[in-house]
Amino acid sequence: MRTNRIEALTDGIFAIAMTLLVLNLALPGMGKALTDGEFRNLLFGQTGIFLNYAMSFVILALFWIGHHRQFHFIKQTDGTLLWINIFALMFVALVPFSTSLIGDYASKQLASFFFASNIFMFGMLSLSNWVYATRGHRLVDRSLTPQLIALLTKRGTVTPLVSVIVMGLSFVDPRMCFYAFLLIPILLGSLAHRYPKISGDNI
């Protein structure tokens, strides 16, 4: 089977999830008569919510880019790969809810742990998607080099690894957990810089 249906569904789910994130942005007391000073304090008091929105949007964007890169090389699919992707998209669709949890309950350990678990599950399923497709060149082109397969596998371990770190951090300082996810783009950028000849323009 060809991959175009998976890619179309994926694009749709990511677009909806990224759009739903904005629904978490709301000013309490909207419609009330406020002075300029009160409005300024109210707006800037939501800084954490806006940062949560921006970070979740970037994380979803990185997920979408990673999925796109994988399917640049995955040329066909089967039933197992279909279900791996369906379950992965289930956790993509959950990101707006888990983002709202850490927005409303930033100081709660369980909220941070839940968000990190959400990201971990997608990361593991994304990694499984790549490993399954490339094992024995099952669903990828035979010309795909072992070096490139290994590089994308390394990239796939970044999100689950950072998520596990954040899960542990949630027991220490839940408020810092969300920003620890900045490690994901940093580590991915480091891999691209370290292996420029292998990664090329497609990675």
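Student: Which helices each supply at least two residues of the lining of the largest pocket?
Tutor: This is a predicted model, in which local features need pLDDT of at least 70 and side-chain atom pairs count only at pLDDT 80 or more, while totals for chains, interfaces and linings use all residues. Residues are numbered from 1 along each chain as its sequence is written, and side-chain values use heavy atoms, with hydrogens and water left out. On a 1 Å grid over the protein atoms alone, a pocket is an open set of points with protein on both sides within 12 Å along at least five of seven lines, and lining residues have an atom within 4 Å of a point. Helices being DSSP runs (H or I, at least four residues) numbered from the N terminus, those that each supply at least two lining residues are α3 (47–73), α5, α6 and α8.

Student: What is the volume of the largest pocket, and which residues are the closest to its centre?
Tutor: A volume is the space filled by probe spheres set on the grid points, which are joined across faces, edges and corners. For the largest pocket the volume is about 320 Å³. Of the 19 residues that line the largest pocket, the closest to its centre are Leu62, Gly66, Arg155, Gly156 and Leu188.

Student: Which helix gives the most to the lining of the second largest pocket?
Tutor: The second largest pocket holds about 220 Å³ of space. Among the 18 residues that line the second largest pocket, Asn52, Ile102, Ala106, Arg175 and Tyr179 are the closest to its centre. Tyr179 is found in helix α7. With five residues, the helix that gives the most to this lining is α7.

Student: Is Tyr179 buried, exposed or partly exposed?
Tutor: Buried means under 20% relative accessible area, exposed over 50%, and partly exposed in between (1.4 Å probe, protein chains only). Because its relative accessibility is 30%, Tyr179 counts as partly exposed.

Student: How much space lies in the largest cavity?
Tutor: A cavity is a set of grid points where a 1.4 Å probe fits but cannot get out. The count comes to one cavity of 30 Å³ or more. Its lining includes His67, Phe122 and Asn129, and the space in this largest cavity is about 50 Å³.

Student: Is His137 buried or exposed?
Tutor: His137 lies in the loop between α5 and α6, and its phi is near 55°, a positive value in a residue other than glycine. Because its relative accessibility is 17%, His137 counts as buried.
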